[in-house]
Structure formats: C-alpha cells, structure tokens
Amino acid sequence: MNSLGLSIIFRMGCICAKETITVNSRKYRVREHLGEGGFSTVLLVEDVSTHKKYAIKKLVCHGPEDQQAALKEVEYYKQIKHPNVIKCIDSSCEGMADPIVNTTSEVLIVLPYYHRGTLADELEQRAKKGDYMSPGDILHIFLQICEGVKTFHEAKPQPLAHRDLKTANIVLSDDRTPIIMDLGSVAPARVQVCGTQAARNLQDLAAERCSMVYRAPELFNVESYCMVDERTDIWSLGCILYALCYFKSPFDIVHERGDSVALAVMSAHITFPENAPYSEDMQNLILSILKVNPMERPYIYSVIESIHDAIAKVEGRV
C-alpha cells in the first residue's frame with residue numbers, strides 16, 4: 001500500500017538545497033527531501049525563477065506496467081477538475097522502462113504545496129487539546145470533500161473511484177478549504193469480478209493501495225462473482241466524517257489494539273465516544289453511510305442531499 005502517498009509532503013526532511021530538477025524547461029530547486037514510499041518520492045521544491053514553492057512527486061518506473069500506471073495518474077490529475085481536488089501544475093516523463101535491458105523511466109508530477117498540511121495533521125492537533133469542531137464546521141468541510149468525490153464518480157466515459165480516501169489524503173488550503181490529493185490509487189469505479197483469480201487480484205490491489213482503516217468491507221474479502229462500484233469511496237467518506245467528529249477513523253482504535261481490522265470492518269461495529277458534543281442526528285448520518293452491504297450504501301448524490309438537510313437543521317432553517 002502506498003501509505004506514504006503525498007501526506008509526507010508536509011513532514012520535514014533533510015535539506016538538499018543544491019539539487020535542482022527540470023520539468024519541461026522549468027527549473028526547481030529542491031528544498032526538502034521529504035521521504036520515499038513504495039511507489040514514489042516526494043520533494044518540496046522552489047521555482048528558481050519565481051521562488052514559489054511546489055511539491056514534486058517523482059515516480060521511478062522499472063517496467064512498462066509501472067510507467068503506464070504513472071502516466072495514468074498524470075491523466076487523472078488533468079481529467080478531474082474541481083476546486084476540492086488537487087490540480088497538476090506540470091508533468092514530464094523521461095526515459096523508457098524496460099526490465100530486459102535494465103532501464104528505468106522517471107515520471108515527475110508538479111503539484112501545489114499546501115503549508116497548512118493535511119486534515120489528519122489538524123485532527124491530530126485537535127485531539128491533543130480535546131478541541132472538537134462545531135457540527136456546522138464539520139458538515140461544511142465534509143460537504144466540500146463530497147463535492148470533490150462527486151467529480152470522480154461523474155467522470156466520463158466511465159465513473160472513477162479514488163480508492164484511498166482518508167484524512168491524510170486531504171490537504172487544507174490557506175482558507176481551510178479541503179482538497180483531495182494523491183490520485184495514485186484512482187481506478188475505474190465499476191469492476192465486474194468473474195472468478196476467484198480476478199477476486200484475488202482486486203483484493204491484493206486493495207491491500208496494496210487502500211489504507212486499511214478506511215477500506216470498504218467488500219475490498220477485504222472480494223467475492224468471486226460480484227460487482228464493485230464507486231460506493232467503496234462512500235464507505236471511506238463515512239470513516240472521514242467519523243474522524244472529523246472524533247479525530248480518528250472508527251477502526252483506528254482496533255488497529256492500534258492489534259485486533260483484526262478486517263473483522264471489525266466487516267461486522268461494522270461502530271461505537272461513539274460519550275463525551276463528544278454531537279447529537280444523535282450526526283451519529284445517524286455516519287451510520288447511514290457506513291453500511292456493510294454496498295448495495296445498501298448510498299451513492300454520493302444521496303450523501304450530499306443528507307448533508308444539506310443536516311446543515312439546514314443545524315442552522316435552524318428547518
């Protein structure tokens with residue numbers, strides 16, 4: 001799983017001020033070497049001409065499949081246009097990945113840099129102080145996240161799923177607008193699974209790409225003959241809404257205890273802290289999204305409608 005993703009953009013690393021990277025004739029000076037994951041390296045850079053800061057995601061491809069996946073990620077950045085989804089500033093691909101002659105290629109993706117960090121960072125700081133957000137603030141932030149997700153689900157010619165929605169993959173702009181990032185796990189949303197091998201392949205891919213405590217139940221134990229659709233993202237959104245209220249995914253505690261997250265997810269045993277300042281309405285909204293059976297889980301349009309209703313109630317317009 002690409003747990004590092006782009007969330008490491010905001011962690012401090014070693015300073016490598018002399019290193020420069022050129023993307024389509026524009027030169028960037030590396031300010032921070034932020035770390036490496038299984039699929040990428042992320043760098044904080046500064047445009048040599050304008051001194052503006054960006055993040056560069058560097059993917060080293062060891063074969064044609066790697067290169068195709070990296071270039072597909074670039075396509076998704078360009079395809080999905082929405083204020084709540086991160087945009088690609090520039091990109092390049094150098095070399096040709098060929099394992100037979102032992103050559104690699106390198107795909108570079110230039111992205112905006114958000115100095116406020118991720119939603120996960122903010123929630124972690126709030127958890128230390130017991131600083132709960134107001135229900136209105138939670139619902140407005142969540143609505144924007146859902147509007148971003150809707151753009152994936154409405155993609156043409158076929159719906160897309162992000163497949164790794166989590167608080168660490170949502171950055172906050174200067175005005176605290178939530179922005180979905182890291183499109184490395186994006187894939188066609190609707191997958192017809194036919195046979196045990198296809199089921200195993202999808203399950204393995206989910207284990208590699210989708211963070212466990214935000215992963216939908218149907219991706220833990222993929223049935224041999226089934227249809228998986230964009231409602232995998234809806235489950236992740238339910239976990240994000242829970243985290244906005246209570247600082248963590250409902251399954252983080254299970255993971256921290258060392259218990260089986262898969263069993264906890266597939267039984268959907270959701271508990272709510274007693275001391276949090278949220279009504280039963282908020283808890284029911286979370287539970288309406290976290291349906292184990294994907295056929296009972298709402299589509300994004302229904303979720304957005306429910307949020308609008310909840311906002312109207314909180315603001316006294318109902």
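**Group meeting: charges, a cavity and backbone details**

Let's start at lysine 52, which sits in the loop between β3 (41-47) and β4 (53-61). Keep in mind that this is a predicted model. Lys52 belongs to a positive surface patch.

Now, salt bridges. The structure holds 19 of them. I'll pick one: lysine 57 with glutamate 73, at 2.8 Å, N to O. This pair ties together distant parts of the chain, 16 residues apart. Lysine 57 is in strand β4, and glutamate 73 is in helix α1, residues 64-79. As background, side chains of opposite charge can pair when their charged atoms come close.

How many cavities of 30 Å³ or more does a search of the whole structure find? The search finds 1. The largest cavity has about 60 Å³ of space. Its lining includes Arg163, Asp164 and Leu165.

One more backbone point. Which form does the peptide bond from lysine 156 to proline 157 take, cis or trans? That bond is cis, with omega near 5°. Proline 157 lies in the loop between α3 (135-153) and β7 (160-161). For context, most residues other than glycine have a negative phi, and most peptide bonds are trans.

Key:
Residues are numbered from 1 along each chain as its sequence is written. This is a predicted model: local features need pLDDT of at least 70, side-chain atom pairs count only at pLDDT 80 or more; totals for chains, interfaces and linings use all residues. Side-chain values use heavy atoms; hydrogens and water are left out. Patches are made of residues with over 30% relative accessible area and no salt bridge: like charges are joined within 9 Å, nonpolar side chains (Val, Leu, Ile, Met, Phe, Trp, Tyr) within 5 Å. Accessible areas come from the Shrake-Rupley method with a 1.4 Å probe; for residues, only the protein chains shown count as cover. A salt bridge is a side-chain nitrogen of Lys or Arg within 4 Å of a carboxyl oxygen of Asp or Glu. Lys and Arg count as positive and Asp and Glu as negative; His and the chain ends are not counted. The place of a charge is taken as NZ of Lys, CZ of Arg, CG of Asp or CD of Glu. Helices (H or I, at least four residues) and strands (E, at least two) are DSSP runs, numbered from the N terminus. On a 1 Å grid over the protein atoms alone, a cavity is a set of points where a 1.4 Å probe fits but cannot get out, and a pocket is an open set with protein on both sides within 12 Å along at least five of seven lines; lining residues have an atom within 4 Å of a point. Grid points are joined across faces, edges and corners, and a volume is the space filled by probe spheres set on the points.
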